[in-house]
Amino acid sequence: GDADALLTGLSQKYPSAIRPILQIIGKNEGVNKIAGIYILLTKKGPLILADTTINVNPSVDDIVEIVINTAAAAERMSIKPRFALLSYSNFGSNKGELPQRMQRASEIIRQKRPDLIVDGEMQANFAMDNDLLKEVFPFSTLANKKPNVLIFPGLASGNIAYKLLQSSGVGEAIGPILIGLDKSAHVLQIGSSVREIVNMA
């Protein structure tokens, strides 16, 4: 209780840095899955990406928990979250285990947390282009409410997406921020700059 937060990982591989955090600090009460989020500070406002660092192949229940925990983290930062659950399919346009998983998670979240704005599954271009979404899928709960949180179906897509966006200069990146832990502890990217460390703090 002497410190409010912990930052580590500057010179360690991610798995080596996160292991003692999980073993010593552990998960918050009632949390089954922790997750890693990135916040991109863009000209159009903050954009949160989850999960980008932890869960390789999350189940429906994992995705539901990631959304609910990300909502809590966003609200602590005074961001009203609007969620797009991403896939290679739009509202059942393609069959497959992955889009069905995201679609089912979306249904469960709306039942558990009707106060949250959430929709999907949807392709990333529809999530990012509200005019296109309104034109093709006007029934979407995100029409006229552009999402500011993107939920990825797996670690590969989440990690690739945030690194592409970060490298392309879309916005300044803060993260990865670990959510679901009992205390505030975060693992920096190896070789983070002073600016990145300050942003995380």
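## The largest pocket

In this predicted model, the largest pocket holds about 470 Å³ of space. Its lining is made up of 24 residues, and those that lie nearest the centre of the pocket are Arg76, Ile177, Leu178, Ser184 and His186. Several elements each supply at least two residues of this lining: strand 1 (5-8), helix 2, strand 7, strand 8 (184-187) and helix 7. By class, the lining of the largest pocket comprises 16 nonpolar, 6 polar and 2 charged residues.

## The second largest pocket

The second largest pocket contains about 400 Å³ of space. It is lined by 21 residues, of which Thr42, Leu47, Met128, Lys146 and Pro147 are the closest to its centre. Two or more lining residues come from each of strand 3, strand 4, helix 4 (124-128) and helix 6 (155-167).

Among the contributors to the second largest pocket, strand 3 gives the most, with 4 residues. The classes in this lining are 12 nonpolar, 5 polar and 4 charged residues.

## The cavity

The model also has 1 cavity of 30 Å³ or more. The space in the largest cavity is about 50 Å³. Its lining consists of Tyr38, Gln166, Ala173, Ile174, Gly175, Leu188, Gln189, Ser192, Glu196 and Met200. Of these residues, 5 are nonpolar, 4 are polar and 1 is charged.

Strand 7 (172-179) and helix 7 (194-200) each supply at least two residues of the cavity lining, and strand 7 gives the most, with 3 residues. Strand 7 and helix 7 are also among the elements that each supply at least two residues to the lining of the largest pocket.

Six strands form an open sheet with mixed pairing, in the order 5-4-6-3-2-7. From one strand to the next, the twist averages 20°. In general, the strands of a sheet pair through backbone hydrogen bonds, in either a parallel or an antiparallel sense.

Both senses can be illustrated here. Strand 2 (residues 35-42) and strand 3 (residues 45-50) are paired antiparallel over 6 bridges, and Leu41 stands opposite Pro46 of strand 3. Strand 4 and strand 5, by contrast, are paired in the parallel sense over 5 bridges, with Phe83 opposite Val118 of strand 5.

## Strand 4 and the helix across the sheet

Strand 4 has 4 of its 5 residues buried, so this strand is largely enclosed by the rest of the structure. Helix 2 (residues 60-76) lies across strand 2, strand 3, strand 4 (82-86), strand 6 (149-151) and strand 7. The helix runs at about 150° to strand 4.

Helix 2 is also one of the elements that supply at least two residues to the lining of the largest pocket. Strand 4, for its part, gives two or more residues to the lining of the second largest pocket.

## Backbone details

Most peptide bonds are trans, and most residues other than glycine have a negative phi. The following sites depart from these patterns.

A cis peptide bond runs from Ala50 to Asp51, with omega near -15°; Asp51 is in the loop between strand 3 and helix 2. Another cis peptide bond joins Gly175 and Pro176, where omega is about 0°. Pro176 belongs to strand 7, and Gly175 is one of the residues that line the largest cavity.

Positive phi values in residues other than glycine occur at Ser78, near 60°, and at Phe91, near 50°. Ser78 is placed in the loop between helix 2 and strand 4. Its relative accessibility is 71%, so Ser78 counts as exposed, the cut-off being over 50%. Phe91 is found in the loop between strand 4 and helix 3 (97-112).

Key:
Residues are numbered from 1 along each chain as its sequence is written. This is a predicted model: local features need pLDDT of at least 70, side-chain atom pairs count only at pLDDT 80 or more; totals for chains, interfaces and linings use all residues. Side-chain values use heavy atoms; hydrogens and water are left out. On a 1 Å grid over the protein atoms alone, a cavity is a set of points where a 1.4 Å probe fits but cannot get out, and a pocket is an open set with protein on both sides within 12 Å along at least five of seven lines; lining residues have an atom within 4 Å of a point. Grid points are joined across faces, edges and corners, and a volume is the space filled by probe spheres set on the points. Ala, Val, Leu, Ile, Met, Phe, Trp, Tyr, Cys and Pro count as nonpolar, Asp, Glu, Lys and Arg as charged, and the others, Gly among them, as polar. Two strands pair if DSSP finds at least two bridges between them. Axes are lines fitted to C-alpha atoms, for helices over the stretch in contact, and angles run from 0 to 180 degrees between N-to-C directions. Contact means heavy atoms within 4.5 Å. Buried means under 20% relative accessible area, exposed over 50%, partly exposed in between (1.4 Å probe, protein chains only).
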